[in-house]
Amino acid sequence: MKIATSFLSCKNIGKAIQKLSATDADFIHVDFIDGKLYQGKKFSFRRLKKIFKYTRKRLDVHLMVKKPKKYIKKFASLNAANITFHIETGKNIEKNIELIHSFGIRAGLAISPNTETSILRPYLEKIDLILIMSVMPGAGGQAFLEETIPRIEAIVEMTKKVNPNIKICVDGGINEETAKKLKSVDMIIVGSYVTNQKNFQEAIDTIRNSVK
């Protein structure tokens, strides 16, 4: 299982990214919010662009924005391995998937806890990953929603029939205990559980051991 680490809850994101870069996390997870689709802590792209010059980690980009097209082009200029945007945007979904792919980047759709999973079905042949939110998007440090487990099962079953190559990812409220419930997924995004610890690598090691 791959682990992406988020800095959303950090006060000093530059220092956090430096520390995360020194760990064996597979990706640095970037939550980018415009305040229109979801509310939450915002960082300007200009600021992020400067900071990410100092890390060699590939980025796992999560766009929580109303109009992904503008930001897809921007984040494609950085070291992004994945760019995921929310299916709740509702418009130009196929075009945005194609745009991500045009940069040679894996394209994903994120889905919020209160959205019916069936809405993903028309896009399963076109995407590389699905990001299942296990908290409401926007704020770090929230508790894991238990109803995420049956949602994961439903999405896994749906993808098996259409596109078994899709990677299933989960984001929100993940710690040593909740990670144990996610052994069947391909990637988990861990934020405050890691960045609230003095030693980031030790926290990541604990998570890795819990999902073995």
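Analyst: Two strands count as paired if DSSP finds at least two bridges between them, and strands (E, at least two residues) and helices (H or I, at least four) are DSSP runs numbered from the N terminus. This is a predicted model, in which local features need pLDDT of at least 70, side-chain atom pairs count only at pLDDT 80 or more, and totals for chains, interfaces and linings use all residues. Residues are numbered from 1 along each chain as its sequence is written, and side-chain values use heavy atoms, with hydrogens and water left out.

User: How many bridges join β2 to β3?

Analyst: Strand β2 (residues 27-33) runs parallel to β3 (residues 59-64), and six bridges join them. His29 stands opposite Asp60 in β3.

User: And in what order do the strands close into a barrel?

Analyst: The order is β1-β2-β3-β4-β5-β6-β7-β8, eight strands with parallel pairing. From one strand to the next the twist averages 25°, an angle between N-to-C directions, on a scale from 0 to 180 degrees, of axes fitted to C-alpha atoms (for helices, over the stretch in contact).

User: Which strands does α3 lie across?

Analyst: Helix α3 (residues 68-75) lies across β2, β3 and β4 (80-86), at about 160° to β3.

User: New topic: is Asn96 buried or exposed?

Analyst: Asn96, in helix α4 (residues 93-102), is buried at 5% relative accessible area. Buried means under 20%, exposed over 50%, and partly exposed in between (1.4 Å probe, protein chains only).

User: What does Asn96 touch?

Analyst: Not counting residues up to four places away in sequence, Asn96 touches Pro68, Lys69, Ile72, Phe85 and Lys91, where contact means heavy atoms within 4.5 Å.
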